[in-house]
Amino acid sequence: MDKEFTIYTKMNKAVFRQFSFFNSFILDGKYKPIVIFPIAMFLVGGFFLVKENYGFASTMLCLGGLYIIGYFFIYQNGLRQQISKFKLENDVHVYTLKCDKNGVDIFNDKEKTRILWNEIHMLYVYKTNFYLYIAPQRAFIMPFKDITEGTASELFSFFKSVLPAEKIALKKAALN
C-alpha cells in the first residue's frame, strides 16, 4: 500500500480531555486502583454497619466517598491547569504526522523525528481519535477530524497493513 496520510493535529480542550480520560482511566485498566480502595472502604463500612458499630461504619463509608470526590476534584483541577498552561481553549496546531509504508514522520516547528512501524509500541482507536504510542508513556494524538488525506477508515486500514494485529486495539471506536 503506497498511500500516504497526513494528520495536522490540532489540540483543543475537548481533544485533550478525551485523551486524558483515555490515558488515565481506559488504558490497560488504570482505573482499577482508583476503584478498589473506595470499594474496600464501603465493604468494611458495610460489615461494621451489620455489626451495628455505626461510628466506625460511617467513618469507613465517608472515607470511601471522600476518596472518590477528592480524586476527581484533583484530576479535574490538574486537567484545567494543563489546558490553561498549553492555551488549549481553541484549536492549536501542535504537530504534524505523515504516515507512509515505512513509518511515520512527526514534526512541529522545533523538531522532527522518524519512527519506523516496528518501533511503535501500540495504536489505540478510542472514540474519534487514534492514539499512536511510541512508548508506554509517550503518545501522539490523531483526531479523525484532522486527517486531510483520506478518511479515518482508510487510515485504520492502512495501520492494519503496516502494524501487527497485536499492536492495534479498538476501545469504543467510532469508525465507519
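**Aromatic pairs and charges over rings**

Reader: Where does the charged end of Lys-112 sit?

Author: The charged end of Lys-112 sits over the ring of Phe-107, 5.9 Å from its centre, where a charge counts as over a ring if NZ of Lys or CZ of Arg is within 6 Å of the ring centre and within 35 degrees of the ring normal. This is a predicted model, in which local features need pLDDT of at least 70 and side-chain atom pairs count only at pLDDT 80 or more, while totals for chains, interfaces and linings use all residues. Residues are numbered from 1 along each chain as its sequence is written, and side-chain values use heavy atoms, with hydrogens and water left out.

Reader: And what lies over the face of Phe-5?

Author: That is Lys-3, at 5.3 Å from the ring centre of Phe-5.

Reader: Switching to rings, how many aromatic pairs does a search of the whole structure find?

Author: The search finds 22 aromatic pairs, a pair being rings of Phe, Tyr and Trp (its six-membered ring) with centres within 6.5 Å, called stacked if the planes are under 30 degrees apart, edge-to-face if over 60 and tilted for the rest. The rings of Phe-19 and Tyr-133 have centres 6.5 Å apart and planes at 35°, so this pair is tilted.

Reader: Are Phe-19 and Tyr-133 buried or exposed?

Author: Both Phe-19 and Tyr-133 are buried, meaning under 20% relative accessible area, with exposed over 50% and partly exposed in between (1.4 Å probe, protein chains only). Tyr-124 and Tyr-133 have ring centres 5.5 Å apart and planes at 85°, so that pair is edge-to-face.

Reader: Which residues do ring pairs link into a cluster?

Author: The cluster holds Phe-5, Trp-117, Phe-130, Phe-144, Phe-156, Phe-158 and Phe-159.
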